[in-house]
Amino acid sequence: MNIASALIREARFVSYDRVFLGWLLVVFLFAAAAIGSGLAETQHQNETIQHLVEADQRDRASEYSKQGDWGSAAYYSFHFTYDPPSDFAYAAMGQRDAVPWKHRLRMLALEGQIYEHDAGNPELALIGRFDFAFFVSFVVPLVLIFLLHDTQASERVAGRFDLLVATTGTDGFLWWTRVFLRSGGIIVATILPLIFAGSLNDTSFSTLISAIGYVIVYLVFWTIVCIWFSSWRRSAPVILSALIGVWVLLGTIVPAGGRVFIDRIVPVPSGSEILLTQREAVNDAWDLPVETTMTAFFERHAEWKGYTKTGDGFDWAWFYAFQQVGDQETERLSVAYSKGRRERDRLAGLLSLASPPALLERSLQRLAQTDSAASLVYETEVRQFHLALRKFYYPRLFREEPFNVETFTKLPQFSPAS
Amino acid sequence: MGNSEKLRADQLQIIRSGKEVLSGISFCVDSGEVYALLGGNGAGKSTTLLSFLGFLPPSGGSIYIKGVEVRSNIKAARRAIAYLPESASLYEHLDAYENLRYFLQLAEMPFDKHRIEATLDRVLLASDSRTQRLQNYSKGMRQKVAIALAILRDTEILLLDEPTSGLDPSAIDEFHNLVRDLADSGKTVLMVTHDVYGACQVADRLGLLRAGKLVGEFTAPAGQRIETEAVHRAFSSRHAK
């Protein structure tokens with residue numbers, strides 16, 4: 001059997017199949033819409049970041065000009081931190097819908113500032129975004145199932161099966177060729193918008209190639225599943241039901257059940273619990289003896305032991321010390337939170353090996369740096385920046401250095417790693 | 001086994017789902033001969049054809065095509081045969097040319113427009129309907145396209161499963177003439193039918209199949225047809241049992 005002539009024959013045959021051509025168009029349009037939606041969202045986020053970076057600098061400069069001491073300057077000024085979308089985020093928004101990608105920090109206790117944010121749209125975060133990763137992971141396999149499940153069953157029902165096999169001589173090659181062309185068409189319709197968006201957005205070549213490779217391998221997996229089921233000598237509805245069952249199992253039951261199981265075996269403190277604990281610690285500090293607060297503070301900053309006043313009047317050094325002690329009070333919860341998220345993410349990664357849709361979605365989110373690990377990296381950057389702010393202000397507060405606006409040129413500037 | 005023998009069933013037994021569908025039937029068909037297997041519903045007629053195509057491997061006995069056992073080379077056996085299934089459903093969203101082109105390409109045969117036109121003329125398919133989709137065809141017109149395909153395959157052997165089912169009387173006569181022409185040109189034809197009159201019109205030999213057993217065989221005298229009355233009596237009496 002000449003493979004090239006068989007492919008040409010089936011390509012011509014497929015070109016007459018209006019149902020297939022319709023599905024091809026639908027897949028292309030939905031893939032393009034998903035990509036377009038991602039591009040619009042990342043553009044919006046980039047514009048927001050650009051706007052806020054400029055406003056942040058203006059706002060802080062204006063605030064500093066109004067203040068006359070380091071404590072007030074630190075108290076009234078804000079510092080914008082952000083996690084810009086990667087050059088592939090448009091394809092997989094991932095955690096960016098559920099976890100904040102920007103914070104406006106102050107020199108106050110940090111933990112509450114990290115966890116006081118809500119997602120931009122909680123309802124959207126709950127159901128997930130219709131992005132390319134979701135579309136290709138969960139929707140395209142359904143299209144393949146609808147198109148391929150009755151490859152042989154429909155010919156049996158139409159009474160053509162024996163004629164086709166008798167005419168071609170063998171029964172395997174014909175079906176493989178048909179399935180290859182249909183599946184190949186769907187794969188091309190799926191990745192074409194991705195390639196276009198990749199070139200438009202200057203996505204790195206390696207990222208784009210990896211993503212295309214993942215998508216192809218994933219859709220080939222579903223194609224093989226469809227071929228296997230469609231070779232059953234059963235009616236088309238029976239085969240379709242079985243395939244839908246596999247899709248529900250791999251795409252819904254395994255990941256959802258796994259998430260419930262992981263949440264149960266890896267308890268993680270809630271952000272609100274951390275927020276409340278920290279705020280209570282800070283509020284209580286107003287009523288505690290100064291020595292109590294400063295003793296706890298000096299456990300971490302012994303270098304400032306000789307610089308503090310213990311009188312009854314308000315002192316900025318003491319104020320910021322009890323802000324930090326508030327963070328220290330929640331440190332155990334905060335570490336448990338980060339550790340728990342990492343462990344859940346690790347287990348979810350293992351679980352995804354049993355759920356190809358979840359595996360693909362995670363793989364694309366990892367490429368797009370929108371996964372859980374990326375959000376923890378940003379959180380670490382925020383902590384490091386806040387630490388840098390404290391290192392800038394503490395010497396000036398404890399040594400009571402004369403206030404000088406010019407000194408703010410040495411103020412740490414937030415710079416995202418990605 | 002002589003050189004002219006193209007098809008042979010030798011003590012062919014087929015068991016499906018624990019039930020014996022064919023019980024050791026034996027017959028052969030020579031080159032240029034039309035052999036009709038006559039029987040009622042469930043007699044095993046189509047099962048016999050599917051066995052020759054290699055779809056149903058024998059539970060006992062053997063099947064030979066051109067002297068080669070089918071099981072030893074199914075692909076070669078199928079390539080030697082043009083098969084016309086009962087109520088052949090070609091692709092309804094394609095026209096006659098597109099259907100013929102597709103199936104001929106499946107058989108790795110060239111698409112020769114002049115030969116196709118000539119064959120469609122031969123099966124009397126109206127010219128103006130040839131570019132219409134088959135969904136607009138009558139059953140008889142669809143059968144003509146399928147017959148044209150069997151002819152265009154240009155194989156030595158034709159297996160026809162209830163080929164006149166659904167055809168009107170004049171189309172049946174035309175078809176019988178066509179089958180006779182093919183046999184006279186050296187083709188070997190094995191057809192299964194329950195049409196006693198039609199089988200006697202066209203067949204050189206006729207086997208009566210009942211409940212999986214070959215219960216009688218009739219041969220046309222030289223230059224004459226098989227006597228319909230005799231076959232009808234045998235068919236009716238045995239069929240009634």
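Q: Which residues does B:Glu33 touch, not counting residues up to four places away in sequence?
A: In this predicted model, local features need pLDDT of at least 70, side-chain atom pairs count only at pLDDT 80 or more, and totals for chains, interfaces and linings use all residues. Residues are numbered from 1 along each chain as its sequence is written, chains are lettered from A and ligands numbered from 1 in the order in which they are written, and side-chain values use heavy atoms, with hydrogens and water left out. B:Glu33 sits in the loop between strand E2 (19-30) and strand E3 (34-39) of chain B, where helices (H or I, at least four residues) and strands (E, at least two) are DSSP runs numbered from the N terminus. With contact meaning heavy atoms within 4.5 Å, its partners are B:Cys28, B:Lys187, B:Thr188, B:Val189, B:Asp204 and B:Arg205.

Q: Is B:Glu33 buried or exposed?
A: Buried means under 20% relative accessible area, exposed over 50%, and partly exposed in between (1.4 Å probe, protein chains only). The relative accessibility of B:Glu33 is 10%, so this residue counts as buried.

Q: What is the length of the polar contact that joins the side chains of B:Glu33 and B:Arg205?
A: A polar contact is a pair of N or O atoms within 3.5 Å; within protein, one must be able to donate a hydrogen and the other to accept it, and residues adjacent in sequence count only if both atoms are side-chain atoms. For the side chains of B:Glu33 and B:Arg205 the value is 2.5 Å.

Q: Which residues of chain B does A:Asp162 touch?
A: A:Asp162 belongs to helix H8 of chain A. A:Asp162 has a relative accessible area of 22% and is therefore partly exposed. Not counting residues up to four places away in sequence, A:Asp162 touches B:Leu50, B:Phe55 and B:Tyr83.

Q: What area is buried between chain A and chain B?
A: The contact takes 23 residues from chain A and 23 residues from chain B. Buried area is the accessible area (1.4 Å probe) that two parts lose on being put together, summed over both. Carbon and sulfur atoms give 60% of a total of about 2,300 Å².

Q: Which residues in chain A lose the most area to chain B?
A: Three residues together account for 26% of what the chain A side buries. They are A:Tyr16, A:Leu163 and A:Thr167.

Q: How many residue pairs are in polar contact between chain A and chain B?
A: Both residues of a pair must be at pLDDT 80 or more. The count is eight.
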